[in-house]
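Hi everyone, thanks for making time.

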Amino acid sequence: MEAMKNIASVACSTESSSVGKTHHTFSKKERICGKKDISNLLSSGKYIISPALRCCCLPDNGLPYSRIMISVPKKSFKRAVKRNLLKRRIREAYRLGKGVLPDGMGADLLIIYTPKEVLSSAEISSSMGTILSGVSKRLEAIR
């Protein structure tokens with residue numbers, strides 16, 4: 001019983017200390033889905049290139065948050081296990097790095113994995129940081 005009280009008090013103290021901090025979440029609304037949105041992104045988006053990733057960016061999507069779509073080519077990685085691993089790593093890098101993007105303005109992003117080999121999470125995170133800083137600069141230029 002004493003252990004349960006300690007756990008509850010620790011949980012309450014962590015909740016109160018997290019007020020005002022950035023939440024690193026990735027919700028369903030942050031994903032691009034729908035033919036109209038995807039075709040609009042591909043037709044009028046501009047590309048940003050980093051060592052491991054290529055990004056098609058459409059600034060100012062009219063929403064207060066950014067949306068993302070991830071592509072790992074089947075031509076480079078035949079096995080779905082590797083493609084899914086890379087998608088998870090890219091999503092995680094985006095989730096942790098999206099705090100760089102300005103609040104209140106959103107962009108639509110298509111992230112394409114370009115290398116022919118599986119890169120580590122650290123390498124993908126650094127490439128994602130490069131892309132997100134480029135997107136941030138474009139969004140600030142629009143303001």
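Let's start with one side chain: is arginine 67 buried or exposed? This is a predicted model, by the way. Arginine 67 has a relative accessibility of 12%, and the cut-off for buried is under 20%, so arginine 67 counts as buried.

So who does it pair with? Arginine 67 makes a salt bridge with aspartate 108, at 3.0 Å from N to O. Aspartate 108 sits in strand S4 and arginine 67 in strand S3, 41 residues apart. Aspartate 108 is buried as well. Arginine 67 also meets aspartate 37 in a salt bridge, this time at 3.3 Å. Aspartate 37 is in helix H2, 30 residues away in the chain, and it's partly exposed, at 26%. Put together, Asp37, Arg67 and Asp108 form a salt-bridge network.

The whole structure has four salt bridges. Another one of them joins glutamate 30 and lysine 98, with the closest N and O atoms 2.8 Å apart. Glutamate 30 is in the loop between H1 and H2, and lysine 98 is in the loop between H3 and S4, so this pair ties together parts 68 residues apart in sequence. Both of those residues are buried.

Now the nonpolar side. The largest nonpolar core has 27 residues, and Ile90, Leu109, Ile111, Tyr113 and Val135 touch the most other members. H4 gives the largest share, six residues.

Last stop, the surface. Lys74, Lys75, Lys78 and Lys116 make a positive patch. Lysine 75 is in the loop between S3 and H3, and it's exposed, at 73%.

Conventions: Residues are numbered from 1 along each chain as its sequence is written. This is a predicted model: local features need pLDDT of at least 70, side-chain atom pairs count only at pLDDT 80 or more; totals for chains, interfaces and linings use all residues. Side-chain values use heavy atoms; hydrogens and water are left out. Patches are made of residues with over 30% relative accessible area and no salt bridge: like charges are joined within 9 Å, nonpolar side chains (Val, Leu, Ile, Met, Phe, Trp, Tyr) within 5 Å. Accessible areas come from the Shrake-Rupley method with a 1.4 Å probe; for residues, only the protein chains shown count as cover. A salt bridge is a side-chain nitrogen of Lys or Arg within 4 Å of a carboxyl oxygen of Asp or Glu. Lys and Arg count as positive and Asp and Glu as negative; His and the chain ends are not counted. The place of a charge is taken as NZ of Lys, CZ of Arg, CG of Asp or CD of Glu. Helices (H or I, at least four residues) and strands (E, at least two) are DSSP runs, numbered from the N terminus. Buried means under 20% relative accessible area, exposed over 50%, partly exposed in between (1.4 Å probe, protein chains only). A nonpolar core is a set of buried Ala, Val, Leu, Ile, Met, Phe, Trp, Tyr and Cys residues joined through side-chain atoms within 4.5 Å.
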